[in-house]
Structures are given as C-alpha cells and as structure tokens.
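This briefing goes through selected side-chain contacts, surface features and backbone geometry of one protein model. Please keep the sequence and the structure open while reading the points below.

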Amino acid sequence: MVSTRSQKGQSTSNNAANRKVSAPAKLATKSNKRDRHPPRKRVRVASSDVEAVKHPVAGDSPTEPGLRELLLSLPVELFGEICSFLDAIELRSLSLADQTFWSILASEKSDPIWRQAFKRVVPPMPACPETMSGSDYAQLMLVQACMVSALEVISRQSPSALTDHIHDKICQVNGWGVNLDYFHRVRYCGTCHRRNIISENAVLSSFQDFPPDFLKYLSSKAVSPDGSSVADFHQASYGSKRQYLKVTVAEVYKLWKSMSQTSDTPELAKAQLIERLEKYRETRIKSGLKMKVWQVTAAEWNTAEARRVLKERKALILLKLLELGFEEADFPRYCPEVNLTKALDDEEWEQIRPSVVSAAESSKISRLSTEIWRRRNNRSQALQVLWHGVVGIASGTRAVYTAEKNACPDFREFIAFAPAEALLEVDTDGIPAQEINAIRPDSLQFVIQGRRRYLVKLRNVLDGLPLDQTDEEEWSSLSNDETIAKLDTIAARLAKAVNGFWDSKQKHVDWYPSYYLASPRVDLSVLSPVEDLAPGLIAKVLEIIEKGPDTEAGAVAGSSWRRKMVGYRCARCDESAAPYLTFKEMISHFLEKKVWFDKASEAREKAFAESPGSKDPRFHSILFNDHDWNSEESIMVSDDSHEKARVRKLQNQLEAAYGNDPEDYNGEDFTTRSRRSAKQAPQLRKRRICRLCPEGYSPKPMYFATLKIHIEHIHCKAVNVEEDTAAFDPGRDVAPANPCTFDTPFARLYY
C-alpha cells in the first residue's frame with residue numbers, strides 16, 4: 001500500500017519525467033554522500049539484484065515497452081555492463097534522464113561504473129577520491145554550477161515552504177560566477193561561498209575553544225611540507241580571508257571534543273588528531289593539484305574540439321551556400337546560427353536555412369557595394385594621377401612652392417569637369433591609359449584657366465581694379481606655355497613680402513602663397529592691400545630686418561608661428577610690456593595701432609562736437625599716435641642678451657604690479673608670478689577699461705598696470721584710478737563699433 005506522501009511523490013515524479021531537464025546544473029550535491037539529495041522515489045534493493053520500480057511514462061504505448069522499460073527490465077549485471085561503455089559525461093546525462101536511473105547510478109554499488117567512466121573521458125579524469133561518490137565527483141568536475149541545494153536556502157527563510165518539489169531545485173547560479181575550491185572539493189556561487197566558507201576569526205568566534213593549531217590543516221591555502229599547495233588556484237574574488245569550510249570545521253571540532261573525552265590526556269588526543277589532519281591535508285592537496293591540471297587540459301582539449309567542430313560546420317554551410325549560387329565571399333561569418341559549436345545535420349540545416357540565406361544575401365549586397373566603391377576608387381585614383389600631372393605643368397616654375405599649387409582648381413573641382421566626370425561615372429575597374437591621354441589636353445587647359453582666373457583676381461586686388469576685370473583678347477592669343485609663363489610672372493609679384501593682404505572678414509594679414517590665400521575658395525572681395533592701409537610699413541620692417549623689397553613672403557612670413565624674428569620687439573611700446581613678435585605679428589601690431597588711432601580720433605572729435613558739456617575736458621582728449629612708422633624714430637628694437645635680461649626683469653616687475661590697485665583689492669597688494677595665472681585669486685583679478693577714450697573705442701580690457709601705460713603714453717597724463725579707469729562690465733561695455741579690430745572681442749575675453 002502506498003501512503004499519501006508516496007502518492008504525491010509518484011505524481012511529482014511522473015511530472016518530472018515528462019519535463020526536459022534544462023542542464024546538468026539542475027542537480028547539485030554536497031561532497032558528503034549522506035548529504036546528497038537524490039530524487040525522492042528510490043528503488044527497492046533486493047539481496048542480489050536491484051529491482052526498479054517501473055512507473056508508466058506519459059506517451060508510452062501500454063502494449064509496447066519503451067526504451068526506458070527495456071533498459072530497466074534488464075538484469076542489473078547486464079545494465080551495469082552497458083553503462084560501463086559510457087564515459088562520465090554520458091553516464092551523468094543518463095542518470096539525470098529519469099528518477100529510477102538516478103536511484104540506480106547514485107547508489108554506492110554504481111561507484112565502480114563511475115570510476116570506469118571517468119577513465120573514458122577525453123582526456124581521462126583523475127581517479128575519484130575514496131571519500132566521494134561517483135555522482136558527486138562528476139557534479140564537481142563536470143558541471144559549472146553551484147552545488148548548494150535550494151532546500152538549504154529556503155529552509156532558512158520559511159520552513160513552511162518545504163514541499164516535496166523543493167528537492168528538485170538547486171541554486172540557479174552557474175557559469176563564470178561560480179568558484180571551484182579544489183581543497184574543499186566544493187563549487188559555490190558568491191552567496192553560497194560567503195555562507196559556507198568562513199574566515200579564521202569566524203572559526204575562533206564560533207568555536208571558542210577550537211585549537212588554532214588545527215587551522216593550517218583545514219585552510220584552502222594550506223601548504224604541504226614539500227611546498228605544494230592549491231592556493232594559487234583559489235579565486236580571491238570572494239575574499240582571500242575566507243579559507244575554511246564551515247561543515248569541515250564543525251566535524252573536526254566535534255571529533256576533537258570526542259577524542260578529548262576518550263583519550264588519557266588532551267595532549268595525546270591533539271597529537272593523534274593532528275596526525276590525521278596532516279594526512280587529510282596531503283590527500284586534499286595532492287588530489288586538488290590533479291583536478292586542476294585536468295581542468296586546464298580538458299579546457300584546452302574542449303577548445304580545440306570546439307574549433308574543429310565549428311570549422312567543419314562552417315565548411316558544410318559554405319558548401320550548401322555555394323550550391324545555392326552564392327560566392328565564398330558571401331559567407332555570413334557573423335551569423336549566430338553559423339557560429340554554433342555543434343555538428344550540422346540535414347534536419348538542423350532546414351531549420352536554420354532561412355536565416356543563414358538571409359544573412360548571406362546581406363553579405364552579398366555588402367560585397368557588391370564594396371566592389372562598386374573599389375572600382376570607383378580605382379577610377380578616382382587614375383584621375384588623381386592625371387590631375388597632379390596637369391597641376392604640376394600648369395604651375396610652371398612656381399610648382400616648387402607647394403602652396404602655389406592650391407591656386408589651381410582642386411580635385412573636387414577637377415572631377416566636376418565634364419570629361420573627367422564622364423570617365424568617373426562609368427562603372428569599370430580603372431580607366432584605360434588611352435582614355436586618360438584623350439582628355440589630358442582638355443584637362444590641362446581647364447587647370448590653366450582656373451589658375452589664370454584666380455591669379456588675375458588677386459592682381460586686380462593689389463592694383464585696386466575690379467575683381468572681374470580681364471583682357472580676354474590678350475590671353476586668348478597666347479599658347480599654353482606662354483600663358484603659364486605670364487602667370488608665373490604674376491605669381492612672383494604676388495608672392496613678394498611687400499604685397500600683403502588685409503582680410504576684413506577674418507581680421508588678419510596674410511601673404512600669397514600661404515595655404516589660406518592660395519585657395520580659390522577664398523572670398524577675394526574682402527581683401528585689400530596692406531600698402532593702401534599702411535603705406536611703407538612692410539618696406540620699413542623689411543629694411544630693419546635686413547631684407548630687400550624683392551624678398552618673397554615665404555622667407556619671412558611663412559609658418560609665422562614657428563619662424564620667430566629672434567630678438568625683435570616694438571620700440572614704441574613700453575619695454576616692460578612689449579612682447580617679441582614675428583614678422584606677421586609686427587605688421588599686424590602697427591596696423592592695429594593705426595586703425596585704432598584713426599577711428600578713435602574721429603569718434604572723439606565727433607563726441608565732443610555733439611556733446612560740448614561732456615564730463616571729459618578737452619585737454620583730456622589729446623590722442624597721440626606713438627606708432628607712426630613714418631617718423632624718424634626706430635620702430636623695432638633688437639636686444640642683445642644683456643639687454644634682454646634687463647627687459648625681462650622689468651616685465652617681471654610689471655607682472656608683479658598687476659595687483660596694486662587700491663580700488664579693486666581694498667588696499668592690499670596682490671602679486672602673481674605670471675600674467676597667465678588666471679586661477680590665482682580670480683576674484684581679485686579684475687580687468688579695467690580706459691574712460692578717457694570714447695565709449696567703445698578704449699583698448700581691450702586689461703589689468704591696471706598695463707592700462708596705466710596706455711594712459712600715460714596715449715593721453716599724456718598721470719593716472720587717476722577712479723577718474724580715468726573703470727572696472728570692465730561685459731554687459732555694459734560691449735560696443736559693436738569697437739575699432740580695435742585686432743583685439744579679442746569683449747564677449748570672448750572670459751571664454
């Protein structure tokens with residue numbers, strides 16, 4: 001007669017038999033055979049044979065026995081003989097297929113079958129330790145899953161939740177989040193590891209009279225007398241201080257208490273137990289090392305085997321795709337169904353065929369697009385060779401100057417030229433040489449005309465003529481060689497250092513053939529000659545630096561931020577504030593002062609004419625252009641090493657004087673080592689503007705010490721901080737009419 005609990009167990013077992021076990025991780029046991037959690041329904045063991053209780057399986061024919069019934073109907077010796085031909089992986093899969101199979105293969109009588117199965121694994125597994133059952137050893141070595149049963153977890157939370165089906169559940173953590181401890185022969189997840197592996201302090205606090213001498217034999221970092229240990233293999237991610245298995249410590253403690261009571265003296269009991277612990281440690285370390293070596297070897301073998309299977313799978317899929325009309329380059333190497341480490345059969349191919357063919361179609365489209373782009377790129381490269389050749393010819397003698405080649409149409413303009421565009425759009429792999437040679441004369445003429453249009457416009461800017469003015473009759477009668485020679489003459493004139501250009505839009509001075517001015521895409525309508533704005537300035541600077549009027553701009557202004565005029569500074573500026581400048585910076589500096597003086601003088605006269613009652617008296621309105629390069633005084637100074645040292649000392653004193661502003665700093669002195677130290681007391685460093693200049697025409701905001709120099713030199717008076725200067729307010733002092741075009745705009749000073 002079957003009890004109510006047995007009926008429940010039978011019903012549950014039938015349902016479990018119909019469910020498919022998802023992975024070997026659905027079963028976990030402890031290292032002790034008594035603590036294993038096999039299925040509830042066990043077979044009855046007779047005196048000689050194991051008679052399995054045969055439960056009907058849903059779907060089996062009531063008249064024809066299934067494979068399960070046939071296997072269970074065999075004598076135990078014959079069933080064991082069949083199982084002896086399986087390796088450990090196959091044997092474990094069989095044990096998980098049915099509760100009856102589990103009951104048979106998890107019994108102690110099945111250990112010889114397991115030990116034989118371990119030898120059949122490739123590579124052969126180390127021998128199963130005597131203290132472990134075959135099923136436990138297979139669980140430890142072959143399954144990357146936590147070995148803690150959910151029964152233990154749930155029992156701590158709700159004892160009323162302990163129903164029969166809980167036995168089938170285990171901790172669900174598996175994969176890389178599980179740590180294998182070879183010394184304790186357990187595999188735990190992080191949570192179970194922290195619960196079951198404890199530290200030395202936890203051992204001594206839980207077992208207060210536990211002898212500390214025992215700990216070195218129970219630690220997962222134990223070391224044998226010959227120096228071997230499995231500590232290197234113990235992962236430290238769960239805490240390196242946790243080294244002791246709680247269950248083992250409790251058993252040792254219980255054994256120690258028992259031996260202390262039965263032995264004559266505690267010292268004798270301790271010595272006997274230490275002798276046993278030494279053997280325990282040696283056995284664990286020796287077996288643990290073998291397990292680790294096998295794990296590494298097995299991982300390498302599995303990797304090689306997976307690669308072989310994957311290679312064969314890809315080769316078979318490629319063969320089938322070739323039969324469907326695809327090319328080898330269309331193989332979908334990133335398709336998930338292709339990259340499975342599983343042998344491919346006809347049934348699976350029919351299942352994955354739609355997705356694989358779709359991925360191959362996408363690869364084919366991508367390949368065709370790439371081929372179209374490659375062919376176009378080859379044609380583009382052929383046209384680039386042609387373009388470089390005709391540009392070199394059209395540049396004439398000026399071709400040695402790389403920047404001057406930019407005066408010719410660039411490659412984007414060249415491929416928009418009708419003959420070149422026609423060759424580029426034909427879908428061929430490259431362009432034949434005869435077709436290139438056929439358009440070479442027209443291409444040369446196109447580039448020459450582009451260079452002519454640009455250089456003539458620049459010449460017209462220099463001569464003050466309309467941009468589009470040109471003598472077509474004069475040019476049309478010239479051959480290509482004559483045209484190139486005439487263009488070289490114009491380019492040589494434009495490239496002289498005395499012929500600088502002022503860009504009213506970009507607000508800077510530049511020379512031909514800089515990369516900026518040598519580009520046909522520059523708006524030439526905003527250019528004007530520097531000579532018209534500052535007559536004789538460039539010539540005088542060239543004379544001072546001992547360069548003639550025929551000097552080309554590249555010799556003095558090319559790469560201006562690298563090529564410094566060593567030792568030159570403005571002689572009209574206060575030496576304590578005058579920086580050393582390049583050729584381009586020196587021209588810009590004097591042009592800035594001239595533009596400011598002209599605009600400020602005009603605005604000041606207009607302001608006093610319109611407002612006679614202005615608070616600024618007329619004797620304060622004196623403006624003096626101390627940067628007039630036409631005067632007899634020197635405009636540039638070249639210092640020797642001793643003079644430089646003196647000037648540097650003055651400049652350092654000026655920098656230190658930036659903070660001596662009674663109004664801004666409440667009478668306190670503030671010094672800084674560098675005028676660029678903006679982070680040093682920024683709340684104290686205030687810029688000021690000149691109140692003597694018309695509103696909007698003051699120099700850019702500066703520190704008081706520098707503004708003091710401006711007032712003394714420009715307005716010719718002693719400085720009164722309160723009357724002559726004001727703290728800079730970006731919201732109030734921004735003036736669109738600011739003539740200091742070379743200054744930084746007010747709105748950008750604090751960016």
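A residue is called buried when its relative accessible area is under 20%, exposed when over 50%, and partly exposed in between, with a 1.4 Å probe and protein chains only. By that scale, both K584 and D510 are buried, and the two side chains meet in a salt bridge with an N to O distance of 3.8 Å. This is a predicted model, in which local features need pLDDT of at least 70 and side-chain atom pairs count only at pLDDT 80 or more, whereas totals for chains, interfaces and linings use all residues. Residues are numbered from 1 along each chain as its sequence is written, and side-chain values use heavy atoms, with hydrogens and water left out.

**Salt bridges**

- A salt bridge is taken here as a side-chain nitrogen of Lys or Arg within 4 Å of a carboxyl oxygen of Asp or Glu, and a search of the whole structure finds 25 salt bridges.
- Salt bridges that share partners join E327, D330, R367 and E371 into one network.
- E371 counts as partly exposed at 26% relative accessibility, whereas R367 is buried, with a relative accessible area of 12%.

**Aromatic pairs**

- Rings of Phe, Tyr and Trp (its six-membered ring) pair if their centres lie within 6.5 Å, and planes under 30 degrees apart count as stacked, over 60 as edge-to-face and the rest as tilted; the structure holds 15 aromatic pairs.
- The rings of F79 and F101 have centres 6.0 Å apart and planes at 5°, so this pair is stacked.
- That pair links distant parts of the chain, with F79 in helix α3 (residues 76–83) and F101 in helix α5 (residues 99–105), 22 residues apart.
- F79 is buried, with a relative accessible area of 6%, and F101 is buried at 4% relative accessibility.
- F118 and Y137 form an edge-to-face aromatic pair, 5.0 Å centre to centre and with 80° between the planes.
- This pair, too, links distant parts of the chain, since F118 is in helix α6 (residues 111–120) and Y137 in helix α7 (residues 134–142), 19 residues apart.
- F118 counts as buried at 1% relative accessibility, and Y137 is buried with a relative accessible area of 0%.
- Ring pairs also link F207, F210, F214, Y253 and W256 into a cluster.

**Backbone geometry**

- Most residues other than glycine have a negative phi, and most peptide bonds are trans.
- A cis peptide bond joins V122 and P123, with omega about -10°, and P123 is placed in the loop between α6 and α7.
- Another cis peptide bond joins Y512 and P513, with omega about 10°, and P513 is found in the loop between β8 and β9 (527–529).
- R185 has a positive phi of about 60° although it is not a glycine; this residue lies in the loop between β3 (178–181) and β4 (186–189) and is buried at 2% relative accessibility.
- E546 has a positive phi of about 65° although it is not a glycine; this residue lies in the loop between α21 (537–544) and β10 (568–570) and is exposed at 72% relative accessibility.

**A contact across the sequence**

- L650, found in helix α23 (residues 641–656), is partly exposed, with a relative accessible area of 25%.
- L650 and A577 are 73 residues apart in sequence and 8.3 Å apart in space, C-alpha to C-alpha.

Notes: Helices (H or I, at least four residues) and strands (E, at least two) are DSSP runs, numbered from the N terminus.
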